[in-house]
Protein chains: 2
Amino acid sequence: MTEPAASRAEQKERTRRAILDAALELCDDTPLAALSLRQVAKQVGIVPTGFYRHFASIEDLGLALVQESLVSLRAVLRDVRQGGEPEYRAIIDRSVGVLVDHVRGRRGHFAFIARERTAGPEPVREAIADGLALFEAELAADLARLPGTSPWSAADLRILSNLIVSAMVATAERLLSVEPDSPAETQIAHEARTQLRMLMVGATRWRST
Amino acid sequence: MTEPAASRAEQKERTRRAILDAALELCDDTPLAALSLRQVAKQVGIVPTGFYRHFASIEDLGLALVQESLVSLRAVLRDVRQGGEPEYRAIIDRSVGVLVDHVRGRRGHFAFIARERTAGPEPVREAIADGLALFEAELAADLARLPGTSPWSAADLRILSNLIVSAMVATAERLLSVEPDSPAETQIAHEARTQLRMLMVGATRWRST
DNA sequence: CATTTCAGTGAACACTCGTACACCCACCAG
DNA sequence: CTGGTGGGTGTACGAGTGTTCACTGAAATG
């Protein structure tokens, strides 16, 4: 069916991808825990038992989806970083823009994280929490490099990062609930920028005790 | 089994409560969508078909649980309000204390909201979103009554409220992930107070454009 | 007292579920 | 060319699912 020979390993990888994609699609309006191996298999076009050649269980599949989705998350930070403006306003505008773009482009991944972060099986929740904690730590490190953060203690920087990450998660969730490219999306982006600015006004006036 | 006569209506209400409680308990580590009518019935001690005398479906049960849980949510705002201190610091300390107490006392309800807010069936998600929006609006009204908010536009007050609610939801989620009365819980409460203070420093310096 | 109402019962239905097992046969290494 | 590896198949199983229907018997009604 596929043009060239398709070596064994290639074909296996292809099927694995199909399973991941199918699961993400089926998960779109249902939590992972309510997903059945047979549904996934049917969607992929393989027989139920074939599933086991790739994953030991649905939960295993979930962990693989987490890893994939966390890559999309990290890409946000990466893209934010590759703009070197030292100006708060510019950084904020850029960051929100990047977030909107990534949510648009990897809707499934962000929706998966948002859902399974609270509703997933324990190992899945843990993996997502770890990913977000890493994100938070890196954000704190970035903030420490910014001008004007010298009076901040390391602990306070972490607490601020936690707050910013929470706000970003909330923004991503709101973005997921509206149509891409809709006026509502623009509105959410605008409000997110305002919120970050409010936060930064507070941050620049803050003095750690 | 129960001491007095137990009028028909009373007994029905009792069973209804048992169903709600059983569902909340079974939901503790699994989303509503992965809950089966038969599991609930077994836990309650009635036959599966008996379930239909009280709810038309699991989703219906979910909506009832949302209503109940939102009462617990509203109680937070009510208890915060019944302290008249006009001082930011005192208001913040009090608010976080109230939140911690309520999450401790109604763990199941808060966990249910946190989980189904993103993972529930569409009508359930919608009901929770409406409840949180109401909470946000009332918070904005409260903030408008506080001294020093005169330079704030109504829109900016709403945006600030949204940010505070997001932070509070995130705090509640963190509280749910640790033991009640543990050092970790104290730590989270401390960080939440700091975050609100950071926010308020920003808020008092803000000028709406 | 006769009648109606209705929460809870119990059997039966037509599914879907995860998983075990034996089986193919195209690929790749020897 | 040959033998083994391993994706993918097909069948079968026991367990669990939502929902139907006719039912019982005690409380409520009049």
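## Before you start

Because this is a predicted model, local features need pLDDT of at least 70 and side-chain atom pairs count only at pLDDT 80 or more, while totals for chains, interfaces and linings use all residues. Residues are numbered from 1 along each chain as its sequence is written, and chains are lettered from A and ligands numbered from 1 in the order in which they are written.

## The single chain

Let's begin with chain A. Chain A has eight helices and zero strands, where helices (H or I, at least four residues) and strands (E, at least two) are DSSP runs numbered from the N terminus. Its C-alpha atoms fill a box of roughly 60 × 35 × 35 Å along the principal axes.

Of the 209 residues of chain A, 33% count as buried. A residue is buried if 20 or more other C-beta atoms lie within 10 Å of its own, exposed if 12 or fewer, and partly exposed in between, with C-beta atoms placed from the backbone. Among contacts in chain A with a separation of 6 or more, 64% join residues 24 or more positions apart; a contact means C-beta atoms, placed from the backbone, within 7 Å.

## A closer look at one helix

Helix H6 of chain B covers residues 122–145. Its 24 residues should span 34 Å at 1.5 Å a residue, and the end C-alpha atoms are 35 Å apart, which agrees. The expected span is 1.5 Å times one less than the number of residues.

The buried residues of H6(B) are B:Val124, B:Ala127, B:Ile128, B:Leu139 and B:Ala140. What covers them includes helices H3 (58–81), H5 (107–119) and H7 (154–176) of chain B.

## How the two chains meet

Chain A can be laid on chain B with an RMSD of 0.1 Å by a turn of 180° and a shift of 0.0 Å along the axis, so the copies are related as by a two-fold rotation axis. The C-alpha of A:Gly202 is the one in chain A nearest the axis, 1.6 Å from it. The superposition is by least squares on the C-alpha atoms of residues with pLDDT of at least 70 in both copies.

The contact takes 26 residues from chain A and 26 residues from chain B. On the chain A side, H5 (107–119), H7 (154–176) and H8 (183–205) each supply at least two residues, and H8(A) gives the largest share, nine residues. By class, this side has 15 nonpolar, seven polar and four charged residues. Here Ala, Val, Leu, Ile, Met, Phe, Trp, Tyr, Cys and Pro count as nonpolar, Asp, Glu, Lys and Arg as charged, and the others, Gly among them, as polar. Since 100% of the interface residues of chain A are also interface residues in chain B, the copies meet through the same surface.

How values were computed:
Two residues are in contact if their C-beta atoms, placed from the backbone, lie within 7 Å.
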